[in-house]
Amino acid sequence: MNKPLPNSLRQGPDGRGRFGQFGGRFVAETLMPVIQEVEQAYNEARNDPAFMAEWRRLLKDYVGRPSPLWLCERLTEHLGGAKVYFKREELNHTGAHKINAVLGQIMLAKRMGKPRIIAETGAGQHGVATATACALFGLKCVVYMGATDVERQQPNVFRMKLLGAEVVPVTSGAGTLKDAMNEGLRDWVANVSDTYYCIGTVAGPAPFPQMVRDFQCVIGEETKQQILAAEGRLPDALVCAVGGGSSAMGLFHPFLDDEEVAIYGVEAAGRGLETGEHAAAIGGGRPGVLHGNRTYLLQDNHGQITEAHSISAGLDYPGIGPEHSWLHEIGRVTYVSVTDQEALEAFQLCSRLEGIIPALESAHGLAHVMKLAPTLEKDKIIILNLSGRGDKDIFTVARHLGETL
Amino acid sequence: MSRIATRFAQLKAEGRGALMPFIEAYDPDPATSMALLRGLPGAGADLIELGVPFTDPMADGPTVQMAGQRALKAGGTLAGALAMVRDFRREDDETPIVLMGYYNPILSYGVERFCLDAGASGVDGLIIVDLPPEEADEVSGPAAGQGLDLIRLIAPTTDETRLPKVLAGTSGFIYYVAITGITGTRSASREALAEAIPKVRKFTDLPIAIGFGVRTPQQAAEAVQVADGAVVASALIDTLAKSLDEQGRARPDTVRKVLDQVRDLAEAVRNARVPA
């Protein structure tokens, strides 16, 4: 007999799109009708077996899922504590977890009859994934990218163009991910009738935090099956880097009700939380409203949003998904932070010990694993979401190591 | 009766619509912005919208974005905007002032305390762009308690099933967003407005003001022929921005140039409904 789960942590959001006090739909009136249209279309699609079967087919034959769960023997031995596994999301087509939710959303856009797709991107991973899916489905794609990021992520800009997308550099504000998201929302306001906004993370107005999470949950669901097959039990700890937090939510969510599993979200501490130059919304921010949702944000005393800093362009965002804010407040997930320097060290260690060059985002998660594993017994198990590959980051890393390419 | 209701009643008796200029508080500096605010009623403003600067104005085009950035650089805050209204009220107790901005600075200030201070400063209404009716419950009580009108936006995308819900919590007047888009970009045609406004009118007795894309005296006149008020923002801010020196500082004629433009708009609005 199935036991009911009256206290499940997996039931959110509520009817108002909230996780506890977080989330919601804080958008201009012009967007409210289209957001409700997206929500209705999504609720129909996820209950449509044909839609979900097609999405699963794409994940298998186009993305290459399931992604493997890899036991890192050399890394485990080096750290001298708990066994470390990587969930290998970097092996997905386009090199990161982003494609999981993008395919679901682009299928939804097609179902809604929206021929034009817009997206925001920071490092370019979500932009590349969106441009890829638009090429596959024959849809027009416009990607907003901060002018600063366009400069520092040239390879991804060119990838998007090769895939047929138009990349629009955003010069407002500091020209980073936050400003790209503002511009995406402005475009959507002006083009609601024919355009779908493919948001890249578990943030934005409801239903986006839930929808992106649901699609990304394929990560955690696979992980659960794979670790049970490999070890016959659940892991003792899950670790994942958190910017907006879609890769983390995808890994964490299927384990939220498994009390014995400790869960760690790793924010970017940049040059150190004490310097103010970081991207740790939970570690150094407080709740507010931005980009359609209530969540933890980096802001000054007057409620003005402050610029984030991280060596990882993908973590360079002053907010975090609202469900993470809630999981923080109820204490289910522990949010820690890792500096640029610690991430750089983890980046190099991973490359040398496991032959895997991780994304700088994932290197933040790994840096926490490096702290955690030695404190645990050897029969304990840690799983890190290796959410992306590091090819895009080699220029940044080389610069920090004093090498010229 | 509130200042807003009183003003619209007067205008109705005069048989004309309202000119509602928008300026951003602290743009380009506190003194110039205050001089503009003080000068607006004399130049023909019937109601005033005072923008509260925010780093991430997602419904605004480049013109208002730049105004916000200048204002922030000059130290603009929500508290600063309230202080401007307090100063204004020493000389003018009749012209209604509506604060227009985004939710986060209000949240940060504290909703209850903000409503208390706004009421005490002489603010008459609030337009919070990213606070749709679905999220407005935490503001509507404290605002009503201080006699602040919560003015909602109605967009071309707001259909007839949604309209009653949006109108339900609205007081003061209705702000009709003339285009699906951001501020300072396109303008709605006279025909589109003539078709849209009566549809909203069916659901409410409140005055309706038209904003977004109202730039010229001609467009302002057309707006008050179909509705009860015209909001002009980006066109005035463009004039202000063009008048600044290379360092972005106000020149001696900055205030005069903006107020002259307000006079032209006011004249057009006042003559718009003169019977043939």
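Guide: One term to start: two residues are in contact if their C-beta atoms, placed from the backbone, lie within 7 Å. This is a predicted model, where local features need pLDDT of at least 70, side-chain atom pairs count only at pLDDT 80 or more, and totals for chains, interfaces and linings use all residues. Residues are numbered from 1 along each chain as its sequence is written, while chains are lettered from A and ligands numbered from 1 in the order in which they are written.

Visitor: Okay. What do the buried residues of α2(A) pack against?
Guide: They pack against α4 (98-112) and α10 (218-231) of chain A. Helices here are DSSP runs of H or I with at least four residues, strands are runs of E with at least two, and numbering goes from the N terminus.

Visitor: Which residues in α2(A) are buried?
Guide: A:L58, A:L59 and A:V63. Buried means 20 or more other C-beta atoms within 10 Å of the residue's own; exposed means 12 or fewer; partly exposed is in between; the C-beta atoms are placed from the backbone.

Visitor: Where do those three sit around the helix?
Guide: They are on the same side of α2(A), because they cover an arc of only 100° around the axis. That arc is taken from the directions from the helix axis to the C-beta atoms. On the other side, exposed residues include A:P49, A:R56 and A:K60.

Visitor: How many residues does α2(A) have?
Guide: Helix α2 of chain A covers residues 49-63, so to speak a run of 15 residues. From first C-alpha to last, α2(A) reaches 20 Å, close to the 21 Å expected. The expected span is 1.5 Å times one less than the number of residues. After α2(A) comes A:G64, with a positive phi near 95°.

Visitor: New topic. Is A:A230 buried or partly exposed?
Guide: A:A230 counts as partly exposed, because it has 13 C-beta neighbours inside 10 Å. A:A230 lies in helix α10 of chain A. A:A230 and A:L71 are 159 residues apart in sequence, and 9.4 Å apart in space, C-alpha to C-alpha.

Visitor: What about sheets? What is the strand order in chain A's open sheet?
Guide: The order is β1-β2-β12-β11, with antiparallel pairing. Two strands pair if DSSP finds at least two bridges between them.

Visitor: Which strands stand at the edges?
Guide: β1 (18-19) and β11 (286-290) of chain A. Each has a single partner strand, so one side of each is left without a neighbour in the sheet. Elsewhere in the sheet, two bridges join β2 (22-26) to β12 (292-297) of chain A. A:G23 has A:R294 as its bridge partner in β12(A).

Visitor: Over to chain B. What does β8(B) pair with?
Guide: β8(B), residues 208-211, pairs in the parallel sense with β7(B), residues 174-177, over four bridges. β8(B) also pairs in the parallel sense with β9(B), residues 229-232, over two bridges.

Visitor: Which way do the residues of β8(B) point?
Guide: B:I208 and B:I210 point one way, B:A209 and B:G211 the other, and all are buried.

Visitor: Last one. How many residues of chain B are in contact with chain A?
Guide: 34 residues of chain B are in contact with 28 residues of chain A. α5(B) gives the most to the chain B side, with six residues.
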